[in-house]
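Here's a quick briefing to read alongside the model. Have it open as you go through the points below.

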Amino acid sequence: MTTTTERTSQGTAQGAQPLTAPLVTDALRLGGDWVTGDGGSFTVTDPATGQAVQTIHQISADQATQAIDAASEAFLYSGWKELLPHERGGYLRTIADLMVDNLDRLATIQTLNTGKTLSETRKLVASAAGTFRYYASAVESREEPVTPRRGPWQTVSVLEPLGVVAAITPWNSPVASDAQKIAPALAAGNAVVLKPAEWTPLVAMALMELVVESGLPEGLVTVLPGKSSVIGDAITGHPAVAKISFTGGTSAGKLIAHQAAERLIPTTLELGGKSPTIVCEDADIEQALQGVLFGIFSSSGQSCIAGSRLFVHQSIYRDFVDELVRRTRALHIGPGVDPDTDVGPLVHRRHRESVAWYVDRARSEGGAILCGGKAPDDPALAAGTYYEPTVIEGLGNSSATCQEEIFGPVLVCLPYENDDDLIAQANDTVYGLAVGIWTPDFLRAHRLAGAIDAGTVWINTYKQFSISTPFSGFKDSGLGVDKGMDGLAEYSKRKSLYWGLESTPMTWGKH
Ligand code: NAD
C-alpha cells in the first residue's frame, strides 16, 4: 500500500483509506502467472466520495516489453491464428458469457472507478459482452472473395492477422472501448495488449481475470496497467507491435500516429470532438429538448460524441434555451449508485479543475453562464468531484469555448439564421465526429447530413449506437473505423493468391 504522501502525489484525495477487500487482481498476467507491477503505484479513488478504492501497482517499461514479447510468442506459436474462425468465435462467446455472469460486479467496479451511474455502466458491460458476440459471428461470416479472372489463373483475396495489436483506451467508457478493440483483434487472429488509462484501470483488470477464466491461450490478451509516460514508448516502439488502435485525445493521437509512421505500422485513431446539435425551427420541441439534454449531460458530458455546441434557429432560440436551462437546473446530481442520479461526478479531481478552467475562460471571453458554472453547494456532495451542468451563451462560434473540447457537462448555445449560415458554422471546427439534427423535414435532414463533415449523423435522435454500424471520425476526430465489419477489417491484412491454371510452361524467353 502507498503512503498518504505517495497517494497525494498521484493526484488522489489526501488521507483517503483504501477499501479493505481488493476489487481486482492487482497484477500483470505474464507467462501464466500473476506478477506484481514494479513501475510505481496509483490509488484509485471513488469520484463520488473521494474515498480510496484500491491501490494498483503499475507496471514498468521492462515489464511492458516482456508482456509484448510474450504476446508475440502467443501469436506465433499458440495456434490461435491457425484456428478456424468459428473456433476463435467460441472463445469470444465464452468471454461474453463470463461478462454477463459478472455483469453486476463489472458495472459496480466501473461506477466506483469512473463515477458513472450504475444504470449506464450496466448497459456498457452488456454492450461490451455483445461486442464479443458480434465479432464471434462476424468473423465466422466474413468472406474472402474469389476475384474475377483476367487470365489463365484463379485469384483469391484472403485475410490474415497482423500480429500483436496495441490497444490504448481512455478513461471515459473503459469496458466498452476495451471490448471494441480486444474482440475484433482477437477474432481476426491477433494477440492484443491493452493499456487502460491511468485513472481507470480497474474494469480492464477485472476483464483480464475473466479472460484467464475463459481458457484463452495465455498471452493472447494482456492488460498493461501503467502510466503512459512510463510504458507508452515501450508499447508503441516495440518491434513486435504490428498495429496501434488508439482511442483518446487528439494531441496524444497525433503523437502516436507519428510514432507509427516511423515504423510504417497502421493505426486506428478515435479522437476528440466538439459535435454540433442542430434544432431547426420546425423541430418537435419536446423531442429536441430531451435529446439535447441527454446528448450533452449524460455521462456528465464526458463523452467524445457529446453534443456540446447547440445551434438553434433564431426564431425559436430564446424560448428553447430558456426551457433547456429550466430542465438542466432540474437534473439530479448525485453518486452513480443512486438510481435517481442523472449527472454523476467527473472522473477525477484534476479533470474537474480542467472543466472549471474552461468555464472560467468562457466567462473571460464574455460568455453568459445561464446555469451551473460551479461545483454544487450541497454539503453531501462536497467530497466528490461533482460539477453542475452548465449552459453558456453569448459567444461566437470562433471563440475558444466553441472550438475546444471541454469533455465535461458544458453546453454552449448559438443562434443561427438559415441553413447556409448553419452549415458554415457547424463545419467551422477542426473536429468531425458527430452531429445531431432535429427536424421532421426529411429532405432538409438529408441535405444537412450530407453537408456537415462528421462521421456519425443522428437525425431526431442522439448518442445511439449499434456495434454493427461503423464508427469513424473525420478531420482531427480520427482515422480509420471501429465497429461493424469495417472495424474487423482494421485488424487484418490482405493477401492475394494467384493459382496458375495452365499445364504447360510459360513461353517467355524461349527463342
Ligand atoms: P488521452 O489522450 O490523454 O489518453 C488516452 C489513452 O492514451 C490513455 O490510456 C493514456 O494513458 C494513453 N496515452 C497518452 N499518451 C500516450 C503515449 N504517448 N503513448 C502511449 N499511450 C498514451 O485521453 P483521455 O483524457 O484518457 O480521454 C479523453 C479523450 O478521449 C477525449 O479527447 C475524448 O474525445 C477522446 N475519446 C474519443 C473517443 C472516440 O471514439 N472518438 C471515445 C472516447 C474518448
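How many Å is an oxygen atom of the ligand from a polar backbone atom of T169? That distance comes to 2.7 Å. Keep in mind that this is a predicted model.

**Around the ligand**

- The ligand has 26 residues surrounding it, and the closest are T169, E198, G249, L271 and E405.
- W171 comes in through its side chain, with an N or O atom there sitting 2.9 Å from an oxygen atom of the ligand.
- With L271 it's the backbone that counts: one of its N or O atoms is 2.7 Å from a nitrogen atom of the ligand.

- On the domain 1 side 19 residues take part in the contact, and on the domain 2 side 24 residues do.

**What the domain contact is made of**

- About 1700 Å² is buried between domain 1 and domain 2, with 59% of that on carbon and sulfur atoms.
- Within domain 1, the residues losing the most area to domain 2 are W171, W199 and S477, which together make up 33% of what that side buries.
- Helix 4 (103–114) and helix 5 (118–141) each put at least two residues into the side of domain 1 that touches domain 2.
- Helix 4 gives the most to that side, with three residues.
- By type, the residues on the side of domain 1 that touches domain 2 are six nonpolar, 11 polar and two charged.

**Salt bridges**

- Across the structure there are 26 salt bridges.
- One of them pairs R29 with E218, whose closest N and O atoms are 2.5 Å apart.
- R29 sits in strand 1 (residues 28–30) and E218 in the loop between helix 7 (202–214) and strand 9 (221–223), so this pair ties together parts that are 189 residues apart in sequence.

Notes: Residues numbered from 1 in each chain as written. Predicted model: local features only at pLDDT ≥ 70, side-chain atom pairs only at ≥ 80, totals over all residues. Heavy atoms only, no water. Contact = heavy atoms within 4.5 Å. Buried area = accessible area lost by both parts, 1.4 Å probe. Helix = DSSP H or I, 4+ residues; strand = E, 2+ residues; numbered from the N terminus. Nonpolar A, V, L, I, M, F, W, Y, C, P; charged D, E, K, R; others polar. Near = heavy atom within 4 Å. Polar contact = N/O pair within 3.5 Å; in protein donor to acceptor, adjacent residues only side chain to side chain. Salt bridge = Lys/Arg side-chain N within 4 Å of Asp/Glu carboxyl O.
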